[in-house]
Amino acid sequence: MVKEEKEIANRPDNTAFTQQRLPAWQPMLSAGIVIPGFVLIGLAFIGIGVALFVTSRSITVLEIDYTGIEKDSACFKCSNADVKNCVCNLVFSIDSLFEGPVFFYYGLSNYFQNYRKYAASRDDEQLSGDLDAFTAPSDSCSPYDYNSNDQPIVPCGAIANSMFNDTFVLYRVVNGANKLVPLDGKGIAWWTDYNVKFRNPSVTPLKNAFNNTVKPIFWPKPAYQLDASDPANNGFINQDFLVWMRRAALPDFRKLYRRITDGEYAKGLPAGNYSLTIAYNYPVESFDGRKKVVFSNVSWMGGKNEFLGIAYLVVGSLCVLMSIVMLIVYAKFKFPEED
Amino acid sequence: MLRRTLNRWLGRDERRVDSRNICVGHRSSSNNEAFIPPKFCDNRIVSSKYTVWNFLPKNLFEQFRRIANFYFLIIFLVQVIVDTPTSPVTSGLPLFFVITVTAIKQGYEDWLRHKADNEVNKYPVTVLEQGRRVRKESEKIKVGDVLEVDEDETFPCDLILLQSSRDDDTCFVTTASLDGESNHKTHYTVPDTEKDLESLNATIECEQPQPDLYKFVGRMHIYKADQEPAVRSLGPENLLLKGSTLKNTQTICGVAIYTGMETKMALNYQGKSQKRSAVEKSINAFLLVYLCILVSKALVCTTLKYVWQNKPGQDEPWYNEKTQREKDTNLYLKMFTDFLSFMVLFNFIIPVSMYVTVEMQKFLGSFFITWDKDFFDPEIKEGALVNTSDLNEELGQVEYVFTDKTGTLTQNNMEFIECCIDGFQYKYQDAGTDLDGFCVTDGPANKVQHKAGREKEELFLRALCLCHTVQVKESPEQGQGQRDGLMDHVDGLGVDGEGLHPPPQEQRGFIASSPDEVALVKGAMRYGFTFLGFESKTMKILTRDNDVERYELLHVLNFDPVRRRMSVIVRSKSGDTLLFCKGADSSIFPRVRQEEVERIRMNVERNATEGYRTLCVAYKYLNAEEYAQADAGLREARLALQDREEKLMAVYNQVETGMSLIGATAVEDRLQEEAAETMEALQGAGMKVWVLTGDKMETAKSTCYACRLFQRNTELLELTVRTLEDGGRRREERLHELLVEYHKKAVQDAPPVKAGVTRAWSSANHDYGFIIDGATLSMVLNSSSESNSSRYKNLFLQICQNCTSVLCCRMAPLQKAQIVKMVKNSKGSPITLSIGDGANDVSMILEAHVGIGIKGKEGRQAVRNSDYAIPKLKHLKKLLLAHGHLYYVRIAHLVQYFFYKNLCFILPQFLYQFFCGYSQQPLYDAAYLTMYNICFTSMPILAYSLLEQHICMEVLLDNATLYRGIAKNGMLRWGPFFYWTLLGVFHGLLFFFGVRYLFGNPALQDNGQVFGNWSYGTIVFTVLVFTVTLKLALDTRHWTWINHFVIWGSLAFYVFFSFFWGGIIWPFLKQQRLYFVFANMLSSVSAWLVIILLILLSLLPEILLVVFRKPRGPHAGQMKPVHSSAGGHQSPRSSARPLLMRTFSDESNTVI
């Protein structure tokens, strides 16, 4: 009895796991699978690629640089940093209907929103409406945390301070008269940003929350006055502000400025002449930057992006090509084996 | 640590005094009143490393002594001190985790040790003090205390046996917990001690503590009131070791001589030296490369940063002004901190988790060896044993196998085959039938017509019955007197419940240290002479005529491997003093009268070539004078405290001369099961098998033939004493000549072999076997002149390396280790494996890269010192060919994969620096940085490295040649490493630039909104996680449900985690960077498309390589496309061609 027990205790368990005999699927990549697989994947990719390419082609993009470095540029007079409150006019024409909805972007280049110190220079507690953070901004905002009088800056930090402040008004020139094209400033930022992530302090009126604080040095107006037309679009949930706060990944970037969705322009911008009045405030020449405006419509894949379509076409045809090569190579080597 | 050094110091101090003096029972001797008892350490055993107080500092200190841990600590400290891109948490958390887990594990182990220590230290013992019995805790025992120990109790310290309850003044112990030998050993009381211990007045003088379990010298001075002090010698037979258990004896009394940390058990407690595997060395080399990559990356970034900042307007654009402090900082200090920041940013390239995963893989992986039921031996009811898990993969890399013969290749299950008396051959016919037999002595087909005289016959048989140290086994149920019972009675007892495994039928009833002796005694029994046992120094034998003869055993001249013989001196009833000696022919022949030798030598040699173990038996009469002289010599030598061994040897040699040869015996040692198949498989796997044995050449040679180590067409190159003497010239010259000749034959004339791979096949026609013996070897190794020595050694090595198998016979244990060491340190430092079962193999087991012990009959010492222990030789095949191969492939893949996945993890982050003004902006969120190695990609590779069977076990076992495919660290050489690194670079570039071009227009959502930098990082990271996981999936050839679960589970976990992490505003985070980033990413069709595209594009070359490699292989004809099918193993050919190998290394590709 004792002996048997001992034997059982010592004998290794005879289970599939301990004996490394778990039932297993042993895939072998063979020509029989790989070649048809490649053909299928290749065809699918070519299909997607064609769709992407066609879609991308159908997207209209109008891009106008208004930095004003060149002498013949409309905004040349404004590029001098000494000129304040400069306004310039860009005139352009559209040959055929610019299909809507049209999105209006501004673009900056050689602008490092992804610089680490810059990226960290914000106080998310402040931006979520925490009043304690109003009086004592986080260290990370430095040197944009207190002004020279030691008053706290709200919103603090480099990102907020450097918010893009050129403003644009678009007119359609009809019979020599400028007709205002309504621009929609809603829905340009992420929904979660203005509903959850960023919050104004629950003080009414909002202005009171900003007592004893100062606006960022670069800002012409305090945060609670960002949008005069819509009181709900002020403070930290101002969508222009939110768009700016979502930092761009690369030094050449564009950000959504307005949507053109209203009334007669919902279908798009009709052919004709347009005039864009720009309040030129944002200095870029000190760091060799460029500014531009971009009108674009979007598709299911987003904005115009030729890369994706071409990449899909290339990879797809590569797959098909490979499968053909494989078939040839395989046929050559396979047949002698069968005798 | 401190305690140990302290002890060592103390020990050294004490050692200056060569011996210690102990008063038995603390009674100072009458003639030495001023004797001050010296201070000895108490009987506390401390095996624990830590106490509650010093655990934290000491453990941390020890952990940070590991270079990897220290590196991570430095990184962590840099993060704390310098303003770095990632928070200290990212590297602190994994480090903390690793350190904590290790600390908990070590703490737990130490707690167990504390518990075990306490159990031992608090164990109650009985101490005799002034005639009273006092119960004490074990730790209170002092040197000199007289202790009483009952049956089945363990000795609390090293004792000198003073008194036994048995009337023959012996006691039996087992040393199972010391050296694993479960047989009963007899120990003797010190002769002439008084029965009344109370009145015993004695001092013991003995050597200082030393770890050798089998050596002890000392003497005891017994003072009696009215006599001269008597002196008695003390040897190991009087010493009861702590840790052994009293058996078959009711009580004993003994005096404590070594206590606590000075007991032999404690001195033996030192751990073995760490062996490191070749894989570990590769890891360290790769690590260095990656460190270089890391440093150069940081350097490049730092340089470029300052170059870039020199351009006007870039250093401090208006939107990103510096703080006053930054402006004030010294430029060079800034550069330095920038460098450190980059180091921190890229430090994930060397992950903490790799060490954890490798350790886990090794630890968990070794269980599969212990669990393997194929290693379970029903006879000893044990499976394989893993003493270290550090060497699992080394099992797949073995190039040289050094094997012992006796007990390893052969069963060490001796059977008496025949004997030769006075030149006449006696063959024993049938073991089972006729036992009364005078007449069975002659084999039927035997040419020998006449027999030796009856007198000679009986003398020979008496010699067999007397000249041994065998004991008759008694069981506890049997009382004392019953030992006189007939042998078959004892035989009939069967197994008693002592926990001893039942000896095989043949040996039942006898206990001996060597199975040869039992076989001889059993052999004598078959011829009618039965050894009945000892009765207090008297040996009783039952003769053919059923008479009981008694012989007084005067001396035993113990066996030792140098003398290779043993003798007994007995006095018969009639008063004749006889010396019987048995031993190896080489050691007996020179000591007997030469005219007798020739007749028997023929027989001995014939027996030896048949593969039997032969022993010669000789005797001589000692007249009173001779005996007195021998007796005095022996006693004196035994009493010597210094050089006892040498003195004894001298006396032995002196006594054992001028004997008459009576006969010789032949004992068969059967081959182990499947020994030949195993050896063939090992050779097929490209391993060189060397047999190292102490046995004589003929026997060993025949074993080699039987094991198919030598084939019939093998040309044997012999370099033994015999061939050296052939030339009739000086040995040295002849040695030189032979070496050069053999070298020419085996090395120069042999066709140049292609590296490693095809060796055995190309040399199939020129198969050489090499034989060398111990004496010649020592000539080769210790040649008279220094220059010759190294030259001979070189020649010898080159010859050996070109022979398929090498036989070294007549080896002393140390010589075995010498050979292993020589091969180990030879060119290319091949991986060596030693396998053996006995104490004489320990040295070579410790010396080789991998030491394997066989749980054989010669005790457990080999097992204790081995890295792996298996019950039988045949298990070696599976251990190496299947387990070793798989472990190697697994860990090699694990290591390469780990480096690869961290390269393509960090490369995009590096590339991103070029786009963010070299500002150390991390591409990925901190959570991703931390979790990547811990959670998202760790489990699949761990599962792979535990479960992968790129070729199934049966195929591995059937095709030994597959083992060559991974020889010489094939998967971890620079070639494969380079391939993996390139792959990592390719993937990293693809991930980064793929997404980079997508972000040419960041408006990726159909509502026209744009993505920011965290979306960028998240897309890259998603592609990364999926690609590296799917890459592993592509490499996995063996998909169990665990693999499925872990691979798909990891991916699902990543998705789930990303949602969760981005779905909540985390109150403890300073910045809610990832809030809804992942969800928004998934709402973009373009993001989906780019992820799919990049994953496929990354894996495409991999798939192509697999497919294109296939038809171009050398054996393309044998390749068949096999459609994947579930379960079972497919046609061996298809699965035998591992995808892994075809893909990664050209060499292995040509092998198969």
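**Chain B and its contact with chain A**

Okay, let's start at the interface: between chain B and chain A, the rule picks out 2 salt bridges. Keep in mind that this is a predicted model.

One of those pairs is worth a look on your screens. A:Arg21 and B:Glu954 come together through their side chains in a salt bridge, at 2.8 Å from N to O. That pair also turns up as a polar contact between the two side chains, again listed at 2.8 Å. If you want to find B:Glu954, go to helix 33 of chain B, residues 953–958. Is B:Glu954 buried, exposed or partly exposed? Its relative accessibility is 32%, so it counts as partly exposed. Within its own chain, B:Glu954 has its C-alpha atom 9.5 Å from that of B:Lys878, and those two are 76 residues apart along the chain.

Now zoom out to the whole interface. Chain B puts 116 residues into the contact, and chain A puts in 94. Together they bury about 9300 Å², with carbon and sulfur atoms giving 60% of that.

On the polar side, 32 residue pairs are in polar contact across the interface, with both partners at pLDDT 80 or more. As for which element of chain B does the touching, helix 38, residues 1085–1112, gives the largest share, with 16 residues. Sort the chain B side by class and you get 53 nonpolar, 41 polar and 22 charged residues.

We've got 41 helices and 34 strands here. Out of 1152 residues, 59% count as buried. And if you take the contacts in chain B with a separation of 6 or more, 74% are between residues 24 or more positions apart.

Last stop is helix 4 of chain B, residues 88–121. Its 34 residues should span 50 Å at 1.5 Å a residue, and the end C-alpha atoms sit 46 Å apart, which agrees. The buried residues of helix 4 include B:Pro94, B:Leu95, B:Val98 and B:Ile99, and also B:Asp110, B:Asp117 and B:Asn121. What do the buried residues of helix 4 pack against? In chain B, they pack against helix 2 (55–64), helix 3 (67–81), strand 3 (132–137), helix 10 (352–365) and helix 31 (926–936).

Definitions and conventions:
Residues are numbered from 1 along each chain as its sequence is written. Chains are lettered from A and ligands numbered from 1 in the order in which they are written. This is a predicted model: local features need pLDDT of at least 70, side-chain atom pairs count only at pLDDT 80 or more; totals for chains, interfaces and linings use all residues. Side-chain values use heavy atoms; hydrogens and water are left out. Helices (H or I, at least four residues) and strands (E, at least two) are DSSP runs, numbered from the N terminus. The expected span of a helix is 1.5 Å times one less than its number of residues. Buried means under 20% relative accessible area, exposed over 50%, partly exposed in between (1.4 Å probe, protein chains only). Contact means heavy atoms within 4.5 Å. Buried area is the accessible area (1.4 Å probe) that two parts lose on being put together, summed over both. A salt bridge is a side-chain nitrogen of Lys or Arg within 4 Å of a carboxyl oxygen of Asp or Glu. A polar contact is a pair of N or O atoms within 3.5 Å; within protein, one must be able to donate a hydrogen and the other to accept it, and residues adjacent in sequence count only if both atoms are side-chain atoms. Ala, Val, Leu, Ile, Met, Phe, Trp, Tyr, Cys and Pro count as nonpolar, Asp, Glu, Lys and Arg as charged, and the others, Gly among them, as polar.
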